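Open the model in your viewer and keep the selection tool at hand. The stops below say what to select next and what is there.

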Amino acid sequence: MYKAVRGTQDILPQDAPYWRHLETTIHELCARYGYHRLEPPLFEETSLFVRGVGEATDIVEKEMYSFTDRGGRELTLRPEFTAGVMRGYIEHNMHTWPRPVKLYSVGPAFRYEAPQAGRYRQFHQVNVEAIGEQDPAVDLEIMSVAWDLYEALGSKGLSFQLNSTGCPACRPVYIKHLVAYYEQHRDEICKECKRRLQRNPLRVLDCKVETCQPIIEGAPRMREHLCGECAKHFETLLGYLDLLGRSYTLNHRLVRGLDYYTKTVFEVWAEEGLGAQNAVCGGGRYDGLIEELGGPPTPGVGFAAGLERIILAMKAQGTAVPELVAPQLLVAHRGTEAKTRAVTLTSELRTAGIGALLAFGQRSLRSQMKQANRANVRFTLILGEDELAAGEVTVRDMAAGEQQRVSLAEIEDWLKRRL
RNA sequence: GUGGCCAUAGCUCAAUCGGCAGAGCACCUGGUUGUGGCCCAGGAGGUUGCGGGUUCGAGCCCCGCUGGUCACCCCA
């Protein structure tokens with residue numbers, strides 16, 4: 001028997017209300033902030049992600065779904081959105097649009113990882129980007145979109161983790177200090193950190209090995225090594241956040257796995273319900289990315305949030321979501337002629353905008369009533385020989401257990417008054 | 001890629017010491033020739049994840065594989 005491949009899953013009808021509510025909330029919120037939808041393709045040239053995400057990242061090193069198509073093109077299913085969105089920004093000359101260009105996307109992304117709670121090989125993200133403006137107020141706006149999204153969904157127990165990772169002017173200087181400090185403690189750090197020191201030194205800061213913790217505590221901090229511009233940017237952002245009364249946690253150990261981030265980086269962590277995968281949102285500023293991808297020098301800031309993780313958190317917290325609309329009536333019938341009329345009646349009701357179910361087959365009325373009961377409809381319309389002869393239909397109110405005859409000519413209005 | 005735990009009906013789970021594969025729920029039919037929910041009766045549904053081994057005999061013990069799950073790494 002075929003099964004959904006490892007790390008993928010069907011979104012079943014029982015989860016549809018969560019997805020609908022989440023998607024509706026996202027679209028309404030983004031519209032309120034003036035963001036416009038841009039959906040990049042599911043796959044792009046592999047080199048776009050290699051350059052955009054960074055050669056030394058886990059994503060590029062071991063997580064991409066890459067393939068060669070029949071035309072010999074090297075392609076990759078998107079592991080994240082930002083690179084594709086920026087490619088679109090450049091391709092469509094959006095630098096000529098009013099700034100900042102504010103875009104959002106919702107859809108699946110793909111990473112070849114070992115699946116576990118809150119992590120899948122095909123997963124969904126909402127991605128929000130503001131391009132072409134370096135004002136820290138844009139960082140604030142991006143964070144606010146994330147903030148409001150969780151607020152609208154009634155999420156509790158979230159913490160905003162915030163840091164600045166500097167820019168090409170100050171980060172290399174800081175990294176030198178960090179590496180020098182770590183060289184002094186070479187005998188005390190874990191094997192993995194020794195490797196990190198070579199490949200991606202900043203990552204030593206989020207090592208979770210016990211013995212590395214005191215080393216990290218004593219390490220030089222990025223914030224104390226920011227250049228004037230980055231320091232000012234960060235202070236201004238913190239001031240704005242305080243102004244709005246948004247609580248956040250300064251986390252000097254927060255470094256992000258993608259190479260393109262500059263200045264602001266942030267993540268949103270959930271306390272419960274997600275197992276080890278507690279990050280529900282991650283983002284930051286990427287002032288060098290567009291230039292790296294062949295566009296004009298352009299600042300940008302954005303975030304991505306994982307929809308599966310949001311839904312897991314909603315379930316863990318028992319968040320109520322609106323039910324989807326379902327037909328409120330079922331047309332039951334008895335006899336061949338009545339069945340024929342039931343087919344046309346059901347169709348007429350639907351054309352009139354009334355959701356209706358038809359009992360299929362020619363089963364006993366008892367069986368059809370059971371079906372109506374299971375479908376949880378408000379009314380059952382019964383069409384038999386008697387009703388047909390009288391040009392009427394029997395309408396049974398399922399909750400009250402009462403029924404009455406209504407003429408077929410008037411049934412639409414009768415129902416519209418009550419549904 | 002590495003490690004722990006797990007795998008029996010659609011779902012949740014039983015099966016004594018290794019001895020006839022079961023229950024509840026859900027589904028279908030009937031009890032009621034045209035009336036749902038509650039109740040009762042019946043029915044359908046299984047290669048016990050796959051392959052091998054031990055044994056008179058394996059759902060149960062052993063080995064391998066696959067899958068699921070959780071965790072590491074990293075992240076949404």
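Helices (H or I, at least four residues) and strands (E, at least two) are DSSP runs, numbered from the N terminus. Axes are lines fitted to C-alpha atoms, for helices over the stretch in contact, and angles run from 0 to 180 degrees between N-to-C directions; contact means heavy atoms within 4.5 Å. This is a predicted model, in which local features need pLDDT of at least 70 and side-chain atom pairs count only at pLDDT 80 or more, while totals for chains, interfaces and linings use all residues. Residues are numbered from 1 along each chain as its sequence is written, chains are lettered from A and ligands numbered from 1 in the order in which they are written, and side-chain values use heavy atoms, with hydrogens and water left out.

Two strands pair if DSSP finds at least two bridges between them. β3 and strand β4 (residues 74-77) are joined antiparallel over four bridges. To see one bridge, select Phe-67 together with its partner in β4, Leu-75.

**The five-stranded sheet**

Next, select the strands β13-β12-β14-β15-β16, which in that order make an open sheet of five strands with mixed pairing. β13 (357-358) and β16 (402-407) stand at the edges with a single partner strand each, so one side of each is left without a neighbour in the sheet. Strands of a sheet pair through backbone hydrogen bonds, either parallel or antiparallel.

Which residues face each other here? Strand β14 (residues 379-383) pairs with β15 in the antiparallel sense over four bridges. Phe-379 has Asp-397 of β15 as its bridge partner, and Ile-382 stands opposite Thr-394 in β15. On to the next pair: β15 and β16 are antiparallel over six bridges, with Arg-396 opposite Gln-403 in β16. These two strands form a hairpin with four residues between them, and Gly-401 in the turn has a positive phi of about 75 degrees.

Show the helices as well. Helix α12 (residues 336-351) lies across β12 (329-333), β13 and β14, at about 165 degrees to β12. Helix α15 (residues 411-418) packs on the sheet, where it touches β12, β14, β15 and β16; its direction makes about 170 degrees with that of β14.

**RNA strand B**

On the RNA side, 55% of the atoms within 4 Å of the protein belong to sugar or phosphate and the rest to bases.

- Ala-279: a backbone N or O atom lies 2.7 Å from a sugar or linking oxygen of RNA strand B.
- Glu-387: an N or O atom of the side chain is 2.6 Å from a base nitrogen of RNA strand B.
- Arg-396: an N or O atom of the side chain is 2.8 Å from a base oxygen of RNA strand B.

**Two single residues**

Select Asn-163 in strand β7 (residues 158-164). Is this residue buried or exposed? Asn-163 counts as buried, at 6% relative accessibility; buried means under 20% relative accessible area, exposed over 50%, partly exposed in between (1.4 Å probe, protein chains only). The Asn-163 side chain reaches the backbone oxygen of His-252 at 3.4 Å.

Last, select Cys-227, in the loop between α8 (213-218) and α9 (228-243). Not counting residues up to four places away in sequence, Cys-227 touches Cys-167 and Cys-170.

Key
Near = heavy atom within 4 Å. Polar contact = N/O pair within 3.5 Å; in protein donor to acceptor, adjacent residues only side chain to side chain.
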